[in-house]
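Welcome! Work through these exercises with the model open beside you, and try each task before reading its solution.

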Amino acid sequence: MTKTGFWSHPLVETAGYFSVVVLCLIVSMVLFELVTKYKNWEEIRKGNLAVAFATGGKIFGVANIFRYSIERHNSLPEMIGWGLFGFILLVFAYILFEFLTPKFNIDKEIEADNRSVGFISLTISVGLSFVIGASIS
């Protein structure tokens with residue numbers, strides 16, 4: 001038996017998934033703001049490209065994880081749960097990146113507009129989002 005009705009219409013489902021993911025993305029950006037030692041949006045406003053790279057990588061990473069979650073799960077609560085679990089893994093990866101580079105402080109380097117560190121941060125977020133996304137089921 002197929003579902004019919006307003007809530008199961010593809011346009012309504014797409015709008016619902018979009019709205020929920022945008023809300024989750026906003027929440028994740030607030031959480032990343034709390035995790036980093038610098039103010040992301042203030043630094044971006046000042047033209048700090050390293051922060052823009054790192055933040056852009058996080059946005060892409062979170063959106064990519066939710067893309068996989070939407071693709072693999074049939075219910076909205078399940079999609080949100082797995083997407084948030086993937087986001088937690090991405091935050092863990094960021095903390096691990098900071099821990100595995102004891103010769104310098106990632107947050108300080110990004111705040112100082114070290115673009116190479118910002119770009120590596122972007123690459124780690126994007127790359128790991130594919131791994132996390134592929135593994136959530």
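## Exercise 1: The enclosed space

The structure, a predicted model, holds 1 cavity of 30 Å³ or more.

**Task.** Find out what volume the largest cavity has and which residues line it.

**Solution.** 
- Step 1: start with the volume, which is about 60 Å³ for the largest cavity.
- Step 2: list the lining, made up of Phe32, Lys58, Leu90, Ala93, Tyr94, Phe97, Ser121, Ile124 and Ser125.
- Step 3: sort these lining residues by kind, which gives 6 nonpolar, 2 polar and 1 charged.
- Step 4: α4 and α6 each supply at least two residues of the lining, and α4 gives the largest share, with 4 residues.

## Exercise 2: A look at α4

**Task.** Describe helix α4: what is its span, which of its residues are buried, and what covers them?

**Solution.** 
- Step 1: locate α4 at residues 76–99, a run of 24 residues.
- Step 2: check its span. From first C-alpha to last, α4 reaches 35 Å, close to the 34 Å expected at 1.5 Å a residue.
- Step 3: look at its N-terminal end, which serine 75 caps. A side-chain oxygen of serine 75 lies 3.2 Å from the backbone nitrogen of glutamate 78.
- Step 4: An α-helix has 3.6 residues a turn, so residues three or four places apart point the same way.
- Step 5: see what covers these buried residues, which includes α1 (10–35), α3 (49–72), α5 (106–111) and α6 (115–135).

## Exercise 3: Asparagine 48

**Task.** Is asparagine 48 buried or exposed, and which residues does asparagine 48 touch?

**Solution.** 
- Step 1: compare its relative accessible area of 6% with the cut-off of under 20% for buried. Asparagine 48 is therefore buried.
- Step 2: leave out residues up to four places away in sequence, and asparagine 48 touches Glu43, Ile110, Glu111 and Asp113.
- Step 3: look at glutamate 111, whose backbone oxygen lies 2.9 Å from a polar atom of the asparagine 48 side chain.
- Step 4: turn to α3, whose N-terminal end asparagine 48 caps. Here a side-chain oxygen lies 3.1 Å from the backbone nitrogen of alanine 50.
- Step 5: follow α3 itself, which has 24 residues and reaches 34 Å, close to the 34 Å expected.

## Exercise 4: The largest pocket

**Task.** Which residues are the closest to the centre of the largest pocket, and which helix gives the most to its lining?

**Solution.** 
- Step 1: note the volume of the largest pocket, about 230 Å³.
- Step 2: of the 10 lining residues, the closest to the centre are Trp7, Val12, Glu13, Tyr17 and Leu76.
- Step 3: find the main contributor, α1, which gives the most to the lining with 4 residues.
- Step 4: divide the lining by kind, into 4 nonpolar, 4 polar and 2 charged residues.

## Exercise 5: The whole chain

**Task.** How many helices and strands does the chain have?

**Solution.** 
- Step 1: count 6 helices and 0 strands, in the pattern α-α-α-α-α-α along the sequence.
- Step 2: buried residues make up 38% of the 137 residues.

Conventions
Residues are numbered from 1 along each chain as its sequence is written. This is a predicted model: local features need pLDDT of at least 70, side-chain atom pairs count only at pLDDT 80 or more; totals for chains, interfaces and linings use all residues. Side-chain values use heavy atoms; hydrogens and water are left out. The expected span of a helix is 1.5 Å times one less than its number of residues. Contact means heavy atoms within 4.5 Å. A polar contact is a pair of N or O atoms within 3.5 Å; within protein, one must be able to donate a hydrogen and the other to accept it, and residues adjacent in sequence count only if both atoms are side-chain atoms. On a 1 Å grid over the protein atoms alone, a cavity is a set of points where a 1.4 Å probe fits but cannot get out, and a pocket is an open set with protein on both sides within 12 Å along at least five of seven lines; lining residues have an atom within 4 Å of a point. Grid points are joined across faces, edges and corners, and a volume is the space filled by probe spheres set on the points. Ala, Val, Leu, Ile, Met, Phe, Trp, Tyr, Cys and Pro count as nonpolar, Asp, Glu, Lys and Arg as charged, and the others, Gly among them, as polar. Buried means under 20% relative accessible area, exposed over 50%, partly exposed in between (1.4 Å probe, protein chains only).
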